[in-house]
Amino acid sequence: MKLVIRAEAPLTLRQLIEPLRRVGALSHEKQVEGVVLGKRVKELAQRYRVPCPRTDWEEEEAALMELAECYPIPLLSGDLLVQCLPVPTGLPFSFLELMTGWVMKESSAWGIETFSPHAMLWLREMGAVPLSQLDGHLQRIEYGQDLAVLVLDEEVQQSDIPIVREQKNHVEEHIDEGMLIMQVNLDDSSPEWLAYVMEQCLQAGANDVHFLPVTMKKSRPGTLLQVMCYQSEAEALKTILFTETTTFGIRSFPVACHRLARRFVTVDTQWGEVVVKLGYHRGQRVQVAPEYAVCARLAGAAKIPLKQVYQQAISLAVEKSLVNFL
């Protein structure tokens, strides 16, 4: 069962409980893992405490623990989907960071006190993901105050990966058909020149730049320079290839790029903090990639093997993702 939350006012947990109960999303048995998650969210929310009536804050904490005890932690990220979230205009920067990754819409119709850090943190910890538009078989809908919970056919959602063009936000898994690959053959370029070309292409917006060894006419050894980019950036990159290499022609052809949904977690290794990128395919984590530059710096400072930092960062990220995203 895929649940979609659609709100017409700033989302609060106390408004969400009844619609979730009516669609059968809440368990009758106490969820031990959920209680741990709820306590974690309650603790994280303290730094975002706003000058609102104390009863409102306490009601959100009570709703948080009720949901945590009754809403089973999903086996896969993506069981809980959220459409565009309304937020009050003028949220402090510290509150806006809670909206990272979400599609949001500001309005002056609501005061800052209507914003619920508990709701944003609970969605994140439950592995909820943004949904740009409804796509699937709508089985049921339940209304609450200024919100609705929709039940979508699970099979349709799991098998349908959005096809887009030039989408640079990789929060959701998608297939981008707005890509282009350009190729040139070179047999008279200095390796130093090629390194410079790579830097120029990446600075101009290329997604990937590759050098491949090839055999050219009369068995001359050469290099195949391949650049992948968004189609809208092709002309700027062609200019670089013509002016910075010795080529007389560029081959190009459209390609599609299937990109995983991406999440980022920060883990605290014994040598320092490391940002780790997680990749999800159909809601299941399939990739874990620590930030190389940070790991290299920490390894150099501690005079230890790089792989030692990598291994601990990966282990901590996997452990953290089991709570945050799965």
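**Helix 2 on helix 5**

I started with helix 2 (residues 32–45) and helix 5 (residues 117–125), which pack at about 135° with axes 9 Å apart. Helices (H or I, at least four residues) and strands (E, at least two) are DSSP runs, numbered from the N terminus. Axes are lines fitted to C-alpha atoms, for helices over the stretch in contact; angles run from 0 to 180 degrees between N-to-C directions. Helix 2 and helix 5 are therefore oblique to each other. The classes are: under 35 degrees roughly parallel, over 145 roughly antiparallel, 65 to 115 roughly perpendicular, the rest oblique. Their crossing is right-handed, meaning that the near helix is turned clockwise from the far one by less than a right angle.

I listed the contacts (heavy atoms within 4.5 Å). Leu37, Arg40, Val41, Leu44 and Ala45 of helix 2 meet His118, Leu121, Trp122, Arg124 and Glu125 of helix 5. By class I get six nonpolar, one polar and three charged residues. Ala, Val, Leu, Ile, Met, Phe, Trp, Tyr, Cys and Pro count as nonpolar, Asp, Glu, Lys and Arg as charged, and the others, Gly among them, as polar.

**Provenance and confidence**

This is a predicted model: local features need pLDDT of at least 70, side-chain atom pairs count only at pLDDT 80 or more, and totals for chains, interfaces and linings use all residues. Residues are numbered from 1 along each chain as its sequence is written, and side-chain values use heavy atoms, with hydrogens and water left out. The average pLDDT (the predictor's confidence in each residue, from 0 to 100) is 88, and 94% of the residues score at least 70. Helix 6 (residues 154–159) is lowest, at a mean of 46, and helix 9 (residues 292–302) highest, at 96.

**Helix 3 on helix 5**

Here the axes come within 9 Å and cross at roughly 20°. That makes helix 3 roughly parallel to helix 5. I noted Trp57, Glu60, Glu61, Leu64 and Leu67 of helix 3 meeting Pro117, His118, Ala119 and Trp122 of helix 5.

Three strands form an open antiparallel sheet in the order 13-14-15. Strand 13 (261–269) and strand 15 (284–290) are the edges, each with a single partner strand, so one side of each lacks a neighbour in the sheet. Strand 14 (residues 272–281) pairs with strand 15 over six bridges; pairing takes at least two DSSP bridges between two strands. Tyrosine 280 stands opposite arginine 285 in strand 15. Helix 9 packs on the sheet and touches strand 13, strand 14 and strand 15.
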